[in-house]
Amino acid sequence: MKTDEIRNQYLQFFEGKDHLVMPSAPLVPKNDPSLLLIGAGMAPLKTYFTGEERPPHPRIASCQKCMRTPDIERVGKTARHCTFFEMLGNFSFGDYFKEGSILWAWEFVTEVLRLNKKDLWITVYEEDEEAYAIWHEKVGVPKEKIVKLGKKDNFWEIGTGPCGPCSEIYFDRGKEEGCDSIDCKPGCECDRFLEFWNLVFTQYELDENGNYHMLKKKNIDTGMGLERMAVIMQNVSSVFEIDIIRPIVDKVSQITGIRYGHTEQADMAIRVITEHARGVTFMVSDGILPSNEGRGYVLRRLLRRAVRFGKILGLERSFLHEVAEVVIDIMSHAYPELEERKEFIVKVITNEEDRFQQTLNQGIEILQQLIKEGDEKIISGENLFKLYDTYGFPVELTQEIAEENNLKVDTAGFDRLMEEQRKRARAARHLEEMKSYSKRTRELLDSISDTEFKGYISSELASTLEAIIIDGELVETVNKGCTAELVFSETPFYAESGGQVGDCGTIKQDQGWGFVKDTKKMAERITLHKVKVEEGELVTGRKTQLQIDTEKRESVARNHTATHLLHYALRTVLGDHAAQSGSWVDDDLLRFDVSHFDPISGDELKEIARIVNKVIMENHKVSYERMSYEKAQEEGVLALFEGKYGEVVRVVSTGDVCSELCGGTHVEATGQIGLFKILNESSIGAGVRRIEAVTGIKALEHIEKMEKELDTSAKLLQVGPDKLSTKIKDMLEEKKTKDKEIEKLKMEVSKIEIQGLIDGAAEINGVYIASGTISSGDMNALRQSADMIREKLSPCVILIGGIENKKPNLIVQITKDIAKKDLHAGNLIKEMAGLIEGGGGGRADMAQAGGKKKEGLKEALDKGRELAKKIVKSKS
């Protein structure tokens with residue numbers, strides 16, 4: 001039985017048992033920050049099991065795409081480990097329980113799949129007498145074929161919450177696959193018994209004290225590995241032999257020129273490429289893009305591992321996209337979105353593979369040299385760091401290659417060097433910032449405490465002026481008209497960081513005041529206020545009143561909160577791969593860079609803007625919380641830049657819509673944003689799109705400007721704005737009609753002009769020489785005119801010119817029967833082109849030229865005609 005048949009038979013069987021058949025969810029979890037990727041059939045249904053949402057039907061069945069990555073390095077080394085697989089499952093939410101799930105499972109495997117009952121074994125949890133009785137008394141499985149196992153094997157729980165015992169169905173592959181032990185049965189470590197279906201009976205609730213409480217509504221969660229069942233039904237030795245995977249194996253063999261089964265080393269590499277190609281294809285199809293964090297890193301790791309094993313098989317070019325195309329061809333009838341997104345999938349894989357090829361070559365060469373020269377059985381942290389930092393060689397690949405050569409790697413040394421590098425980078429930035437300051441200034445700035453930012457809660461405060469810096473030097477006072485950098489112990493001014501512009505405002509003392517033009521941060525700890533003194537003087541050591549420009553701050557806050565909403569909308573519309581690549585917010589506009597390979601369509605932009613404005617109108621409260629970075633990760637808060645955050649982070653939440661780590665300033669509620677309007681979408685590099693937008697008054701001003709343009713255009717065309725598009729359409733149709741009429745008239749004029757050239761042609765020694773100008777001076781019209789003359793005169797030399805956009809064009813044609821080395825169109829055009837300050841050339845029978853000096857056109861034609869006459873006369 002083919003794999004597709006197994007899938008269809010399963011879903012049809014449970015549909016016949018009153019189950020709602022649901023399509024596979026994407027590999028990217030929806031609203032579940034606890035999961036990186038979907039790894040089980042029940043994962044997309046989690047909220048139904050927990051009671052957070054009501055299921056659309058009490059009985060559900062599905063075939064779910066799954067990714068599990070804990071054993072990536074084991075893929076290829078065995079014939080059974082896979083990262084990507086399909087999981088068949090039937091689920092009950094407070095409906096049928098143990099008896100129903102067991103009886104239907106047995107009916108399906110014995111009556112639909114027709115497996116021999118003698119080959120089937122059962123395991124149950126050692127304390128689950130109910131399940132044991134159902135299998136023995138209701139189903140009729142002999143007691144000797146029901147194995148009781150402990151909590152480790154047959155009890156499902158993940159921390160506190162719903163849990164319960166489980167029962168598994170095994171297929172006996174025969175004694176020849178076993179270990180020859182008389183006690184060999186399910187639970188044995190040998191390969192004889194293959195588990196293919198797990199029935200989980202969710203009947204308990206585990207509390208924080210370790211106590212189990214019986215659930216009022218019990219649930220069923222089952223999972224059957226589709227590929228494993230195909231192995232059984234097709235009587236093959238591994239998943240790499242089944243009908244939906246073997247063609248991929250064969251494609252890899254074809255590309256590499258190495259037959260599968262030739263050597264174990266080659267077989268392992270072929271299995272790695274085959275398996276990872278499946279996972280990579282489905283991940284990209286579901287919107288995951290290669291990156292250095294999260295699920296994007298899983299994708300990158302799989303792809304690069306496959307490429308590396310291609311290198312082992314002798315491939316020196318990009319190839320994985322070819323394998324992906326086979327995956328798409330095989331799987332698209334079950335998952336049509338693969339074919340729909342084929343171009344995108346191939347493009348993403350090709351780009352990533354091309355970028356990695358050079359890195360891989362350099363890294364492997366250096367690593368092989370290290371292995372060859374190394375005296376110890378370990379790759380040092382220094383060498384591990386060099387490969388990663390200098391050559392971009394992934395640490396995981398180094399570890400895997402080292403393991404193949406019986407070497408260890410010093411990961412602790414690598415981690416130490418990474419931290420040292422981060423410290424050096426911080427120190428280098430600090431040194432660069434300090435370059436323009438005198439020694440005395442640097443010493444003071446190093447000695448003072450960090451500026452305390454009070455701007456989250458206050459727009460105005462009094463603070464002591466600790467330092468005044470002019471041109472890098474410390475001074476005691478700064479006078480009217482001068483500009484200086486001022487340092488305070490605390491400030492309400494936000495210093496430019498995180499893509500948000502610094503605050504402006506005023507600074508006042510009793511003897512004077514100044515305008516804060518900008519605010520920046522030095523060494524990530526001291527806020528520098530760039531101030532121009534407007535009146536009097538400012539003096540160090542005195543109390544100073546600091547007041548931010550609240551109007552500007554509010555505009556910036558509107559734009560900053562809007563970037564969070566925009567990010568949320570982009571991920572909603574485009575997919576979770578749409579991650580922030582950079583941003584900038586000031587009081588005029590917001591700019592947001594997002595990871596996405598294709599242009600964002602007009603319809604997509606409309607939907608993105610609609611989502612943002614909907615959240616604005618819902619007026620969600622914007623709240624803030626400080627917590628550990630670890631806790632923020634656990635709660636699924638969006639962290640945009642890996643390695644950027646400290647141990648304690650600030651989480652900005654917009655109602656229950658979205659949460660991000662952010663140190664910027666925001667509105668109190670989304671309604672304060674007012675309005676959001678996208679201005680532009682463009683590309684700023686491979687795989688990165690940029691969106692520019694405005695909010696609040698700026699958005700209103702933009703709309704008013706567009707309305708004014710619309711009204712002006714409507715008045716010019718003497719229609720209402722609502723009729724403008726119809727009027728323009730009518731005008732374009734009218735123009736098209738008139739253009740055709742004009743072209744028709746031009747053709748009539750051209751015919752008259754052409755006939756005049758024909759009538760005026762000189763005949764010398766049986767050769768006609770036609771020369772002159774026509775009113776349609778573009779090259780295409782000149783060529784068509786020359787062709788028409790050639791049809792009437794033969795043999796002939798044709799020299800025609802015309803003016804197009806105030807620039808002269810020339811063309812020379814000579815019938816092929818007389819085009820020779822001495823009577824050559826290309827030679828004639830070169831002689832003529834100089835007189836119009838141009839250049840040109842061509843063949844013996846046809847040549848053309850364009851120039852700048854239209855006044856020289858007649859002289860050029862005259863010269864060409866006389867040269868042609870002279871050559872033709874010389875033939876007599």
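A residue is called buried when its relative accessible area is under 20%, exposed when that area is over 50%, and partly exposed in between, with a 1.4 Å probe and protein chains only. The model described here is predicted, so local features need pLDDT of at least 70 and side-chain atom pairs count only at pLDDT 80 or more, while totals for chains, interfaces and linings use all residues. Residues are numbered from 1 along each chain as its sequence is written, and side-chain values use heavy atoms, with hydrogens and water left out.

Along the principal axes, the C-alpha atoms fill a box of roughly 115 × 90 × 75 Å. Of the 876 residues, 49% are buried.

Charged side chains pair in 46 salt bridges, each defined as a side-chain nitrogen of Lys or Arg within 4 Å of a carboxyl oxygen of Asp or Glu. One of these joins E107 to K17, with the closest N and O atoms 3.2 Å apart. Because E107 lies in helix α3 (residues 98-112) and K17 in the loop between α1 (3-15) and β1 (20-22), the pair ties together parts that are 90 residues apart in sequence. E107 is partly exposed, with a relative accessible area of 23%.

A further salt bridge connects D95 and R59 at 2.4 Å, N to O. This pair also links distant parts of the chain, since D95 is in the loop between β3 (84-93) and α3 and R59 is in strand β2 (residues 59-67), 36 residues apart. D95 counts as partly exposed because its relative accessibility is 35%. In the salt bridge between R843 and D845, the N to O distance is 3.0 Å; D845 counts as buried, at 15% relative accessibility. Salt bridges with shared partners also join R300, R304, E352 and R355 into one network.

S794 and P795 are joined by a cis peptide bond with omega of about -5°, and P795 is found in the loop between α22 (779-792) and β31 (796-804). D471 is not a glycine, yet it has a positive phi of about 50°. D471 is placed in the loop between β13 (460-470) and β14 (473-475) and counts as exposed, at 75% relative accessibility. N805, likewise not a glycine, has a positive phi of about 50°. Its place is in the loop between β31 and β32 (807-814), and N805 counts as exposed at 69% relative accessibility.

Notes: Helix = DSSP H or I, 4+ residues; strand = E, 2+ residues; numbered from the N terminus.
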